[in-house]
Amino acid sequence: MASEKPDLKKTVQETSGPGHIRVGLTPAILRAAIVDNLNYAVGRPWETATPEDWYEAVAASVRDRLMLRWVRKYEKRNAPDARQVSYLSAEFLPGPHLGNSLLNLGAADNAREALPELDFDKIIGLEEEPGLGNGGLGRLAACYLDSLATLRYPATGYGIRYEFGIFDQIIKNGWQTEVTDKWLLHGNIWEIKRPNFAQIVKLGGHTETYNDEHGNFRVRWMPDRVVVGIPYDTPIIGYRSDTCVLLRLWSSEAAQSFDFSDFNRGDYYGAVEEKVFSENLSKVLYPNDEQLEGKRLRLEQQYFFVACSIKDMIRLCLRRGSTLERFHRMFCIQLNDTHPAIAVAELMRQLVDKYTQPWELAWDITRKTFSYTNHTLLPEALEKWPLPLFGAVLPRHLEIIHEINRRFLDEVRTRFPGDEGKIARMSIIDESGEKYVRMANLAMVGSHTVNGVAELHSELVKTQLFPDFHDLDPKRFQNVTNGITPRRFLGLSNPGLTRLIDARIGDGWLSNLDQLKALEQFAGDAGFQQDWARVKLENKVRLAKIIRERTGVVVDPNSLFDVQVKRIHEYKRQHLNVLHIITLYQRLKHDPKLQITPRTFLFGGKAAPGYFMAKLIIKLINSVGETVNQDPAVRDLIKVVFLPDYNVKHAQNIYPAADLSEQISTAGKEASGTGNMKLSLNGALTIGTLDGANVEIREEVGAENFFLFGLTCAQVDKLKSNGYNPGDYCHGDPELSGVIALIDSGMFSHGDTELFRPLTEHLLHHDDYLLMADYRPYVNCQQEVDHAYRDTQHWTRMSILNVARMGKFSSDRAIREYAENIWKLQPFTPDA
């Protein structure tokens, strides 16, 4: 009797059932899977396996379960009429994958039960943080991928697989020192290399014109070098979802990595020169661009990942049997700030030069494809490239941009005849002096929708940053207030609080954060308040232990944990916080009997390597901490800690322990902020200005549960327009002048009176971010914090209400707004 023909579909179904070793989530199946991967993937017997071996085995077992969800959606994702969002970002800061993936799979407890012999927290803690971003921009992109997967939207995040991250920060003698972030040293179990989807990227050279076989005018780009982009795919699982989205990161390689002719001639270095050059493109996040070569590398990096990504989308479009006339129906591309804005010109180049589309049709497709998120109100942060540099790296793109600009400015002249000032401001080419390509203007011109990231920010984008573009087409402007994923930043980071909330209102809030509103009814419950305070203290004890291990500073968990953790920048005003610390220090020295609430001031954040003033602020924080922490007269009342190498991993220990969240940027400078949301979601109360998302947080949690101080945006503008003299504020406030004098005296610099002089001189004579004007309101507001914290019941009630009213700030809400209002995107239907 003939044997039955093997049924591949049946085999696939059998191996993807819930009882299969690569699929199941019960403790028994997970235990078998992990041991199986230890033997066959890691290649180690359990008797000699190290914690690192066990981490790899656990991670491989979890990845199996993620890949199944990715594969199951293949047909839906690749249907001819499927539409997806492509999220282009120079940064993604996902944080460690293992803990978050287990939480989202609903398997965290089962995994612990599967291997009770292991210290599971230690295993999770071994994961190296992916060095793919610097701060809020990259973390926001990662939150959005989490929400896209949770809400079942088809999506791919495109970026760069940096071999080295921004840098690891260590503190030496109080100064920031940068060391290489070797996050890939031991490999990355979560990614899959896809060399079959590699893309060729051109750079440099020149262009040539010719007529095609139909007599049409064409342009050919003749590069002087090419590199190869290799994609690495990481699946991102949604919370209790059957969907994964993809993070596709491009790594640069040489088209030919070894030249035998050079080698045979004895030119051993020349033989590998192309390999070295090509791999530089994905070597490091944000190379120092103070010099021309650094600028060139950064521009090449941005074009590299954008070109790979656009060509990848075109490949997918054609593979699905569609035509490029329908490209904008299949792909909506979100530009996460200006870094990927060159994508506008690249899509035009592909459509016009390679696929011979008429210009008008290509431009219509391009404008319908792109949308642009602006993330900054600082004009200096809006990227622009010197015209000669841009032309040397991307000669064809410069020609295309000139043509886009010519046609666009003709439209502006028609709408606003005779307004040459408006034309100059809206031009993609800045011709006011040395000529530049304005990438923000390119993104504005090439996108169908532009959005800000907080209500205040979006209004300022329309009225201050791009008022001319708003005059031209106000309907293109929208607001999508940033959001954060509650899965990582509460569910994973704060398990004690998560269990407490679950016990009162169930666990549905992790996928519908508005359900936290149900906590309001318990805000005045004495028993619930005690449980709430107990969880907070447990988190503070844990953080105090970490602080002692990493810095040697002993802090009191019963003190008020006053936290400012974010990128170090003058507009974020970490030095205003320091001025308050020195004020307290002076008061205690002058009056040893003064009663204050004991505080631990905790700072964290990195300064850009070339940003001298930011690095000087770090030095000041550490120098003040050194003095204060060693002074027996005050060290039981105030402690100052700078926790080095702030990243997602460390944030997950800091947010749950914070009592007070410092969000004290100058009004009108912070686009949104998301650290403010993460800290509030963990029960910290905010002291802040009416800047960025602070405005909306205060509206949601209630003015009575928010410590407000400082000038408003309108007051900032008025003060500057009337002629701001910071010295007047200092000389008119004896306490402030005493603080500045104490810094200048060398009190915090071992007698060196010049060390901090650049900082104090700038504050007295320039003070771009108005610390002098906001100092007294800030110090007075901190006095209110001091009194409020002494009333434990009232403080705990405010903390509960902060958490209960944070539903608006879920990244799920933000993604729904993008999908419905900008991308016009539909989610997958759940699997049966």
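These are my notebook entries on a few spots I looked up in this predicted model.

**Ground rules.** Residues are numbered from 1 along each chain as its sequence is written, and side-chain values use heavy atoms, with hydrogens and water left out. Since the model is predicted, local features need pLDDT of at least 70 and side-chain atom pairs count only at pLDDT 80 or more, while totals for chains, interfaces and linings use all residues.

**Entry 1: Q302.** I found Q302 in helix α11, residues 292-319. Helices here are DSSP runs of H or I with at least four residues, strands are runs of E with at least two, and both are numbered from the N terminus. Is Q302 buried or exposed? It counts as buried because its relative accessibility is 6%; buried means under 20% relative accessible area, exposed over 50%, and partly exposed in between, using a 1.4 Å probe and protein chains only. Skipping neighbours within four places in sequence, I saw Q302 in contact (heavy atoms within 4.5 Å) with H339, I342, E383 and W385.

**Entry 2: the core.** Next I checked the largest nonpolar core, which has 180 residues. Such a core is a set of buried Ala, Val, Leu, Ile, Met, Phe, Trp, Tyr and Cys residues joined through side-chain atoms within 4.5 Å. F327, F390, F707 and W823 have the most contacts inside it. Helix α11 gives this core its largest share, 13 residues. I also looked at F707: beyond four places in sequence, its contacts include L660, C781 and W795.

**Entry 3: salt bridges.** A salt bridge is a side-chain nitrogen of Lys or Arg within 4 Å of a carboxyl oxygen of Asp or Glu. How many are there by this rule? The count comes to 61 salt bridges. I picked out R407 and E360, whose side chains meet at 3.3 Å, N to O. R407 lies in helix α16 (residues 395-415) and E360 in helix α14, so this pair ties together parts 47 residues apart in sequence. R407 is partly exposed at 31%, and E360 is exposed at 53%.

**Entry 4: one more pair.** D733 and R776 also form a salt bridge, at 2.9 Å, N to O. D733 sits in the loop between α30 and α31 and R776 in helix α33, so the pair ties together parts 43 residues apart in sequence. D733 is buried at 11%, while R776 is partly exposed at 25%.
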